[in-house]
Amino acid sequence: MSLIDASILAVIIRVTAPILLATIGALFSEKAGVPNITLEPAMLLGAFFGVFGSYYTGSSVLGAVSAVAAGLLVALIFALFTLKWGGDEIVVGVAINVIMGGLTIFLLKIIFHTSGSFMSPEIIGFPQLDIPLLDRIPVLKYLFAGQTWVVYFAFLSVWIAHVLLYKTPFGMKIIACGENPLAAATVGVNVYRIRLYALLITGGLCGLAGSQISLGFLSMFSENMTAGRGFIAVAAVIFARAVPVRVLFISLLFGLAEALSNQLQLLKFPSELVLMLPYLLVVLFLVIQPDRFRWKKWKSAGAVSESGA
Amino acid sequence: MNFDFRQKPIELKTAVIAVIFGIVIGGILMLVSKHDPFKIYAVLFNGAFGDKFALASSLRWTIPLLFTGVASAIAFRGGMFNIGVEGQMYLGALAGALTGIYLTGLSSWVHIPLIILASALAGMAWAFVPALLKVRYNASEVVTTLMLNYVAIYLTDYLVKYYFIAKGSYGQTIITDQIQKSARMPSLIHATQLHAGLLIGILFVVLFYFLIKKSKLGYEISISGINPEFARYGGVSVNRVRMSVMLISGAVAGVGGAVEVMGITWRFMSHFSPNFGFDGILASLLGGNTPIGVLLGALFMGSLKAGALTVERSTDVSRSLATIIQGVIICFVSARYLMARFPVSKWLDGFKRNNRRRNSDEPH
């Protein structure tokens with residue numbers, strides 16, 4: 001088996017989709033100036049409820065709907081504790097990570113009476129779509145033929161995010177809340193409400209991303225199956241300096257790393273070393289572009305502290 | 001980047017109210033899953049405090065949290081949100097296990113300190129990476145430490161699998177050989193898992209107290225954590241402080257890993273830690289990052305863990321219930337505005353006043 005063949009292109013696209021969706025989600029939190037590390041739990045709960053919805057309704061679409069609902073729920077809890085009750089974003093974020101890690105295990109046991117993972121033929125995965133005429137286009141046919149609709153939506157979401165953020169009043173308000181919340185409030189923007197909406201968009205997209213992980217290929221749920229992709233998304237959006245188009249390329253890079261590590265494992269290469277790849281890539285990214293690693297909120301504080309150093 | 005984590009004092013009442021919220025929400029979850037919360041909590045309480053064995057179990061689970069709790073608290077004190085305690089612990093455990101296996105013919109009094117030293121250095125080395133990236137490149141330690149947790153787990157797996165695998169194990173389970181007899185922690189109570197690591201853990205809490213309250217570095221750590229600009233103005237090198245707290249934090253976490261190896265597993269095992277790192281973070285946050293707070297927080301989290309294991313054995317409720325309750329508690333501890341709505345001290349004052357009035361109203 002060779003390392004690179006045409007099929008890996010499709011794999012790259014498939015595994016990029018959840019990271020891309022989550023990264024676009026992270027983009028909205030980042031733009032609104034909220035340090036949000038609850039993407040991972042939103043994805044995890046989304047992955048679980050994607051399976052849950054699909055198993056009980058027999059419809060993958062309803063699976064996706066319940067995954068999105070789960071993501072929204074995580075965002076609501078995060079917003080409640082931080083925006084409304086003044087909790088520290090990082091502390092609450094870590095706590096929500098812990099809660100959702102436990103909750104999915106808890107639910108796995110009481111709903112499906114199993115632990116570790118749940119697999120069943122009754123979980124309906126996302127169907128692979130065949131778009132007419134696509135198989136006649138030379139390169140794209142390897143990339144996009146037979147992917148799920150979530151994959152198409154993920155790539156479309158880059159454009160949607162771009163339009164929403166830069167071409168609509170709503171997007172401008174989000175950016176204003178991140179750049180200068182005080183000024184935004186002065187001109188009558190309800191900063192808390194805008195941030196809530198941004199968090200909800202993040203949560204919903206992450207829920208959908210989770211459902212692509214659990215329903216997009218194998219149709220199963222296992223404990224901690226998102227494996228840090230939510231944090232990769234956070235790092236990716238900072239690295240991309242929160243520009244939608246760059247987010248696309250960074251996500252593809254992470255997708256490539258993941259697909260390669262899948263592929264290398266099939267060869268006789270120590271899988272442990274390969275599995276480290278995406279995480280090391282994140283760390284590397286943080287190093288090679290230090291100036292870009294500032295969450296908006298801290299920009300002013302950072303500038304002050306540096307001049308004082 | 002100035003990471004906006006400033007440690008804030010946590011009042012006892014906040015912790016108590018948050019614990020109540022956690023227990024109530026845990027109860028609701030049990031109701032939803034058609035269990036009687038009172039019954040389950042009774043099982044949990046019995047499993048944590050019911051008899052000698054339950055108490056020993058609670059203390060056994062407290063031991064690793066003392067280390068990870070102190071490790072987290074030191075970093076948080078210095079304004080570094082080190083969530084890489086888990087990974088630092090893995091490296092420490094492996095270094096400790098190797099020292100325990102390959103150094104032979106020593107007495108315990110020499111062997112165990114050597115293991116502690118080795119594990120501290122390994123944990124320190126692992127924490128050095130995110131610390132350097134933070135002070136040199138301003139890379140958010142929240143992301144780097146977390147990513148390095150995954151790397152640490154895979155790296156230790158790799159090293160054990162290819163270089164230190166136990167004889168007779170063909171890669172099915174990733175474990176090392178057993179450590180020497182001289183490297184094992186004596187048991188404190190016969191026929192339980194409670195081992196002398198408890199004393200080392202308490203010693204570390206005491207050392208943490210002296211570091212933070214009695215030393216110059218401790219003072220520098222405190223002011224850099226509360227207000228880095230002010231610290232710089234006062235001539236403190238905040239970067240040096242950040243580096244120091246990360247290194248100390250990593251060392252303590254590493255020792256925690258080795259103590260787990262010396263006391264419980266007697267070998268390095270892949271995935272030996274059921275998230276001790278995160279539990280320690282929660283213990284530290286619950287205890288307001290103070291020495292006594294970490295001690296109480298670790299005891300609480302350890303007892304909850306021991307109780308939850310009993311619950312899992314005797315009912316079909318998952319042990320992850322404890323994890324959920326812990327997380328909920330930390331959410332509420334952090335919710336300042338909500339907590340401000342519970343003016344407990346005012347209630348207590350009112351209660352005292354009423355009592356006084358009632359007493360003075362009594363006929364003479």
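**A helix pair and its surroundings**

In this predicted model, helix α2 (residues 37-49) of chain B and α12(B) have axes that come within 7 Å and cross at roughly 120°. Angles from 65 to 115 degrees would count as roughly perpendicular and those over 145 as roughly antiparallel; α2(B) and α12(B) are therefore oblique to each other. The crossing in which α2(B) passes α12(B) is right-handed. On the side of α2(B), the residues that meet the partner helix are B:I40, B:V43, B:L44, B:F45, B:N46, B:G47, B:A48 and B:F49. Their counterparts in α12(B) are B:S303, B:A306, B:G307, B:A308, B:L309, B:T310, B:V311 and B:S314. By class, this contact of α2(B) with α12(B) divides into ten nonpolar and six polar residues, with no charged ones.

The loop between α11 and α12 (291-314) of chain B holds B:N289. The phi angle of B:N289 is near 60°, a positive value in a residue other than glycine. B:N289 counts as buried, because 25 C-beta neighbours lie inside 10 Å and the cut-off is 20 or more. Another positive phi in a residue other than glycine, near 55°, belongs to B:H271. B:H271 lies in the loop between α10 and α11 of chain B. With 10 C-beta neighbours inside 10 Å, B:H271 counts as exposed.

Helix α4 (residues 85-102) of chain B packs with α6(B) at an angle of about 20°, and their axes are 7 Å apart. That angle makes α4(B) roughly parallel to α6(B), and α4(B) passes α6(B) in a left-handed crossing. From α4(B), the contact takes B:E86, B:G87, B:Y90, B:L91 and B:L94. From α6(B), it takes B:L148, B:N149, B:V151, B:A152, B:I153, B:T156 and B:L159. The class count for the contact of α4(B) with α6(B) is eight nonpolar, three polar and one charged.

The loop between α3 and α4 of chain B contains B:N82. B:N82 is buried, with 30 other C-beta atoms within 10 Å. Leaving aside residues up to four places away in sequence, B:N82 touches B:S72, B:A75, B:E141, B:T145, B:M246 and B:S249. The C-alpha atoms of B:N82 and B:V142 are separated by 6.5 Å, although the two residues are 60 residues apart along the chain.

Helix α8 (residues 216-226) of chain B has buried residues at B:E220, B:I221, B:I223, B:S224 and B:G225. The elements that cover these buried residues of α8(B) include α3 (52-77), α7 (197-214), α9 and α10 (238-265) of chain B.

Helix α6(B) also takes part in the contact between the two chains. That contact takes 50 residues from chain B and 47 residues from chain A. On the side of chain B that touches chain A, two or more residues come from each of α5 (108-137), α6 (141-163), α9 (228-233), α11 (276-286), α13 (320-334) and α14 (336-339) of chain B. The largest share of that side, 14 residues, comes from α6(B). By class, the side of chain B that touches chain A has 32 nonpolar, eleven polar and seven charged residues.

Chain B has 15 helices and zero strands. Its radius of gyration is 22 Å, close to the 21 Å that the globule rule gives for 364 residues, so chain B is as compact as a globular protein of that length. Along the principal axes, the C-alpha atoms of chain B fill a box of roughly 80 × 60 × 40 Å. Of the 364 residues in chain B, 55% are buried. Among the contacts in chain B with a separation of 6 or more, 77% are between residues 24 or more positions apart.

Chain A has 14 helices and two strands. The radius of gyration of chain A is 19 Å, which agrees with the value near 19 Å for a compact globule with 309 residues. The C-alpha atoms of chain A fill a box of roughly 55 × 45 × 40 Å along the principal axes. Buried residues account for 53% of the 309 residues of chain A.

Conventions
Residues numbered from 1 in each chain as written. Chains lettered and ligands numbered in written order. Predicted model: local features only at pLDDT ≥ 70, side-chain atom pairs only at ≥ 80, totals over all residues. Contact = placed C-beta atoms within 7 Å. Helix = DSSP H or I, 4+ residues; strand = E, 2+ residues; numbered from the N terminus. Nonpolar A, V, L, I, M, F, W, Y, C, P; charged D, E, K, R; others polar. Axes fitted to C-alpha atoms, helices over the stretch in contact; angles between N-to-C directions. Parallel < 35°, antiparallel > 145°, perpendicular 65-115°, else oblique. Left-handed = near helix turned anticlockwise from the far one by under 90°. Buried ≥ 20, exposed ≤ 12 C-beta atoms within 10 Å, placed from the backbone. Rg over C-alpha atoms; globule rule 2.2 N^0.38 Å.
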